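Student: I am new to this structure. Can you walk me through a few of its features?

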Amino acid sequence: MPQPRTSKEISGMGHSMKRKEDPRFIRGKGNYVDDIQLPGMLYMDIVRSPFAHARIKSINSEKALKIPGVLAVITGETLKQYNLHWMPTLSSDTQMVLPVEKVMCQAQEVAAVIATSRYIAADGVEAVEVEYEQLPVIVDPHKALEPGAQVLRTDKKDQKDNLAFHWEAGDRAATEKVFAEAEVVVKEEIYLPRIHVASIETCGCIADFDKVDGHLTVYMTTQAPHAVRTVLALVAGHVGLSEEKIRVISPDIGGGFGGKVPVYPGYVIAIAASVVIGKPVKWIEDRMENLQADSFARDYWMTTEMAAKKDGTMLALRIKTVADHGYTNASANPSKFPAGLFSICTGSYVLQQAFTEMDAAYTNKPPGGVAYRCSFRVTEAVHAVERIVDVLAQKLKMDPAAIRLKNFIQPEQFPYKSLLGWEYDSGDYPKALKLAMKNIGYDELRKEQAEKRKRGELMGIGICSFTEIVGAGPSKTFDILGIKMFDSAEIRIHPTGKAIARFGTKSQGQAHETTYAQIIAEELGIPAAHIQVEEGDTDTAPYGLGTYASRSTPTSGAAAAMAARKIREKAKKIAAHLLECAEDDLVWEVNKFTVKGAPTRSKTIQEIAFAAYTNHPQGMEAGLEATFYYDPPNLTFPFGSYICVVDIDRGTGMVKVRRFMAVDDCGNIINPMVVDGQIHGGLSQGLAPALYEEMPYDENGNNLAGSFMDYLVPTSMETPNWETDKTVTPCPHHPFGAKGVGESATVGAPPAIANAVVDALSHLGVTHIDIPITPERVWRILKAKGVAQ
Amino acid sequence: MIPSSFDYVSPTSIAEAVALLARQPDGAKVLSGGQSLLPLLKLRLGQVEKLVDIGRIPGLEYLKEEGGMLKIGGRTREAALEHSALIATRYPILHDTVRVIADPIVRNLATVGGNLAHGDPGNDHPATMLVLGAQVVVVGPKGERVIPIDQFFRGLFATALEPDEILTEIRVPTPPSRSGGAYVKLERKVGDYATAAAAAQVTLSATGVIERAGLALTNVNPVPQRAAAAEKHLIGKKPDAALLNEAGRLAAEASSPNADRRGQVDYKKEMARVLAARALQIAVDRAGGR
């Protein structure tokens, strides 16, 4: 790893500076939405549907309105008067805010109670009487897509089936030809089940409308405050909301992971209630509402095939996916990518052909399709390819490491044009895998496994060598509802050489207050400790699309460097003025301009900043600040190789992750400790769906894991000791060579764990196990194979 | 997650608490650690008119050996057992048990008395107390009575406690020498109820034959109960793997778990067998090791 260029005092790139935001979180001084109290604030609670599909015959609010303190019950009919009962989703589908005719999933919002206290609001919810007529339910997306299936979206005149969309990429005919002629073909049905981000803080907002001046302030758990402001202006302009009078404030956020990108009906109802009543309205979900109603992730059924030569040379990949979208397509995807960036599915390998297609279905489940700690369906794609590579290795009796090394895109092939249209920026895949193998002692582990097998013990080693695609834009291809996916930074240097910097992104734990400060410290030499970073207030921060998809460092981080360089250009002019020399005679080093050949003649950034306000050259604008809107020329392609070792209890089927070695490459690193934290957290959130988490439904559309009793978020007790290492392959197009890293581990961990478990059972003829790999699921295999204890 | 309204009282003596309960036998409920009761109220799965909080009554939290018995105050927190050297060295089965009850935060508040009085077959103490042959001391309007643990559990969430009685003490006979016990739990993650769990307590003779055997399972029967056939099978025999496996099989055969997200019936029965055998093995090892 390269040595930092700046001193510890400055703490630019490469320093493991302690997180500037931690003191307030550790001391309980964070400021979350639910901490905010406004004078005269009212409280909202939501009546939710017990049924997955039902016609609403009547809603009777009389009893609720009789409860002292209940002020209003809002229904779909109320909102219909303002044409706010439906809203657009991020994928340009439509979603009910409150229903007028029917509900289409369990826990869907049916009515909202506004009351003077949170407790009274809850009593009000219990007193609202709703009469339902149950309708037939479709929970299986395959059944939803069968000819003649009941059409669910009866609200859409032209909808004659339950197909939300069809999408494909690659050359179908050419791929079919390779498969037809291939020596070896492997195929698996791979299901990535519906899961939930389950952030510690649930969603919520306070909508505060001032009837006198028409200002709307919304304190909101959102990862994308600017986009929300614009969407509100666009969809509610007809009721008098105007963008200059809308202020969205995203305070401290207790975890987002993509789940706080969408605009949920609750937000809209609270805003409508505040606009009508003219008082602040607070809505905070409880845990079960959060799990049952908010956007899900994954839920892809992927028929995955690979064609190869007998010697293990990979030839072609084909994936046909059935995607369950719930009752509406509310995926948080860029507009031109209905299946997100699933087309990264060719992974780290050289292939001759690839083809992938998807049928997305409507079902009676909550909508969503959020990018849960991944850059839009990358987790699904990586799982499919990394699983099928192992299936191929097993079929050919090849070592899973050897088959990867044989087929990797080689370092000299970058920039590499992938079959499905991406240009991989940089990479050295063999180096990362070999380092992981060396660190974990791969060859010794294989020997140990062979010995254990002789004794009947079950041990497995799993590899995942993933390639990620993160950091959307570029804006020529990436937008959300038409808003281009650039991002921004604005830096102001104060006279005493300290700075404030504001960004269009919004941290939910990513340590932006620290890492952005370090980027500016690197570029300007101002100590990171003296750079105040702010985000999340649309009245003060420059416009941006927010934080998700590992895009903050690739976009806003790059903007910070570019804005700092603009400041340095101006600083150079001021330094030349102060030193009475030509600009060309100056050289920049760490934190000062020095006259070439006269090392004692220099001006520090602090001296220059002071001069910018006290002694700037005549004719030059005073002050020292810059704004930059950065539009990345390409995405960044972080990668890594993970190796997992598991032991299986033959009595219970319990899988224990004994070791896990994660070698990541995210280009140049801003703060190694923060990167390690991101990897540790991501690995834990990759372990979760691999072994624990799942959001299943019964045939009536009832959620079977609607609380933390059954939605099994692993704790530190389940989490193994993560071992991490890095290779550094700088991004060639990013201003300081960095790539996104927040999601690599979430994407890379599940296939490594699944591959390890399958590896432990491969000698019994097991080729695939769907996640989550629960003890019961393993025990059933052990029993079927006659090896259960 | 917000309960309906209820009254709350916090008496400072057992007599006062019993009187409050007796006044409202159908609508009042004892609040001890609250770790089972409050979630029920918050989810509006249960409703009470009045909570009688016994948290202010002095003298209900203790652990002591006295007269051949371990005496546990009814309101003693699980965390107190977990961190007790007495429990760790003299009652390892109890130490095993408290360490797998919920999570540390819950154990700081949850009480042993509450764990038993709730009558939940998913709770971990019932099986352990059954194999230890514990007694439950309760106080009501008519005074004190001592209920053998075998007669305490009556049904799902139902015990021998009357609505106007308070559980004040648990008495565990100190096991004789050459005794050992263990509690082995299979849970999906920390904090979960058992998929299945087994409590085993054995006493060996000088020649290594099983003289006394206790075996009970958690969360695989509607009512916590001892595995009588398995216990009988063990008595008078030298413990080896085959014997312990057979005992496990007999215990599992007599169980009647329900299918839920923790597993189907056949899996749970198999886990009962595997865990019972493992608990017995550890119990035997511990009995021989001292």
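Tutor: Start with A:Lys397, in the loop between α10 (378-395) and α11 of chain A. Helices (H or I, at least four residues) and strands (E, at least two) are DSSP runs, numbered from the N terminus. This is a predicted model: local features need pLDDT of at least 70, side-chain atom pairs count only at pLDDT 80 or more, and totals for chains, interfaces and linings use all residues. Residues are numbered from 1 along each chain as its sequence is written, while chains are lettered from A and ligands numbered from 1 in the order in which they are written.

Student: What is the phi of A:Lys397?

Tutor: Most residues other than glycine have a negative phi, and most peptide bonds are trans. A:Lys397 has a positive phi of about 55 degrees, yet is not a glycine.

Student: Is A:Lys397 buried or exposed?

Tutor: A residue is buried if 20 or more other C-beta atoms, placed from the backbone, lie within 10 Å of its own, exposed if 12 or fewer, and partly exposed in between. A:Lys397 counts as exposed because it has 8 C-beta neighbours inside 10 Å.

Student: Which residues does a cis peptide bond join?

Tutor: One such bond links A:Phe414 to A:Pro415, with omega about -5 degrees. A:Pro415 sits in the loop between α11 (400-407) and β19 (416-417) of chain A.

Student: How many residues of chain A are in contact with chain B?

Tutor: Contact means that two C-beta atoms, placed from the backbone, lie within 7 Å. Here 21 residues of chain A contact twelve residues of chain B. The largest share of chain A's side, four residues, comes from α4(A).
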